[in-house]
Amino acid sequence: MVRYISSKFLYMLVSLLILVTATFFLMKAIPGNPFMSEKQVPPQIRERLMEQYGLDKPVIVQYGQYLKNIAQGDFGISMKMQNKEVTALITDTFGASLKLGLVAIVVALIVGVLLGLIAALYHRRLIDNVAMVLAVLGIAVPSFVVASMLQFVLAQKAGIFNVMGMNGPLDYVLPVAALAAQPIAFIARLTRSSMLEVLHADYIKTARAKGLNWITILFRHVVRNGILPVITYLGPMTANIITGSVVIEQIFGIGGLGKVFVSSISNRDYTLIMGVTIFYGVILMLARFLTDIAYVLVDPRIKLTNRKEG
């Protein structure tokens, strides 16, 4: 188990270094710099700004200095927001994104698993067909389209919710629905497929033949074994919801990290782009790391396989 976790952690560090390197050089490859739009700034002041942020040095030197700084926990100062540290900007805005993302993940898991389980139990009946049609629609329609439709129907026309802003619990409903729609559809399809396979397994037939209570069979054997594909999907789902929140926060006017990220890209704010990208990367890799550990805990055969290979 320790060896398995250590190897996954090492992969995570290597992936993070690749992410930092690729983002840094891709960003530098784009023509221009953060101060090109400052037309009112005299050339001498612009040169001093370039020197202050180290942009006058060769790219490889900038890269080495950046790696050294982030190893010490220093993500620098925003190039567009005066006297604002990147770390402070991230911590000040991430709270809103985190709450929105966590609620969306919980809703997606509960609704998706329930929908898939019900569809499997009522296989080839009306409820199964309706659930799968909804799942296909959920996968096919992008989150920003769902968000716009919800805004138009439930906020603008029906007046049930606010169109924008985050001033109370009700304001979470539309953004969470837009973020969770696609993950719910994937989880429902995964759960239905997995549960159907388990329901037709020999050990389920044996358990029923022995007269074991159906509720016990359902939760002890069917759900436990059928949930494995959903656990595997937890990492990509977290990535989907976190990256999707960038657009959703813009649509609903939520002052979260996604809004800061979009603003940093349009402003060519190098330090802020790098800081938010690394932050997102760490969250996504941690989600994948925890998913791998959860998968081993639920299915110990993975651990045994690795031990034999080692």
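Okay, a definition to start: buried means under 20% relative accessible area, exposed means over 50%, and partly exposed is in between, with a 1.4 Å probe and protein chains only. With that in hand, Thr 23 counts as buried, because its relative accessibility is 17%.

Before going on, a word on what we're looking at. This is a predicted model, where local features need pLDDT of at least 70 and side-chain atom pairs count only at pLDDT 80 or more, while totals for chains, interfaces and linings use all residues. Residues are numbered from 1 along each chain as its sequence is written, and side-chain values use heavy atoms, with hydrogens and water left out.

So, the overall picture. The protein chain has 13 helices and zero strands. Helices here are DSSP runs of H or I with at least four residues, strands are runs of E with at least two, and the numbering goes from the N terminus. The C-alpha trace spans about 85 × 60 × 30 Å along its principal axes. Of the 310 residues in the chain, 39% are buried. The chain exposes about 17600 Å², and carbon and sulfur atoms supply 65% of that. Those areas come from the Shrake-Rupley method with a 1.4 Å probe; for residues, only the protein chains shown count as cover.

Now contacts. Contact means heavy atoms within 4.5 Å. Take the contacts in the chain with a separation of 6 or more: residues 24 or more positions apart account for 74% of them.

Back to Thr 23, then. Thr 23 sits in helix H1, residues 2–29. Leave aside its neighbours within four places in sequence, and Thr 23 is in contact with Met 274 and Thr 277. Over in helix H12, residues 270–298, you'll find Gly 281. Gly 281 is buried too, at a relative accessible area of 8%. From Gly 281 to Ala 120 it's 161 residues in sequence and 36 Å in space, C-alpha to C-alpha.

Next, helix H4, and two residues in it. Ser 97 is found in H4, and Ser 97 is buried with a relative accessible area of 9%. What does Ser 97 contact, leaving aside its neighbours within four places in sequence? Glu 249, Gly 256, Leu 257 and Gly 258. Ile 105 is also in H4, and Ile 105 is buried at 17%. Not counting residues up to four places away in sequence, Ile 105 touches Met 237, Thr 238 and Ile 241. Ile 105 and Lys 8 are 97 residues apart along the chain, and their C-alpha atoms are separated by 23 Å.

On to helix packing. Two packed helices are described by the angle between their axes and the distance between the axes. The axes are lines fitted to C-alpha atoms, for helices over the stretch in contact, and the angles run from 0 to 180 degrees between N-to-C directions. H4, residues 86–121, and H7, residues 173–199, have axes that come within 6 Å and cross at roughly 35 degrees. That crossing is right-handed. A crossing is left-handed if the near helix is turned anticlockwise from the far one by less than a right angle, and right-handed if clockwise. By class, the contact of H4 with H7 has 24 nonpolar, three polar and one charged residues. Nonpolar covers Ala, Val, Leu, Ile, Met, Phe, Trp, Tyr, Cys and Pro; charged is Asp, Glu, Lys and Arg; the others, Gly among them, are polar.

H7 also meets helix H5, residues 126–140: their axes come within 8 Å and cross at roughly 135 degrees. H5 and H7 are therefore oblique to each other. For the cut-offs, angles under 35 degrees are roughly parallel, over 145 roughly antiparallel, 65 to 115 roughly perpendicular, and the rest oblique. The crossing of H5 and H7 is left-handed. On the H5 side the residues include Asp 128, Met 132 and Ile 139, which meet a set in H7 including Ala 181, Phe 186 and Arg 192. The residues of this contact divide into eight nonpolar, two polar and three charged.

Last stop, the loop between H4 and H5, which is where Arg 124 is found. Is Arg 124 buried or exposed? Exposed, at 71% relative accessibility. Most residues other than glycine have a negative phi. Arg 124 has a positive one, near 65 degrees.
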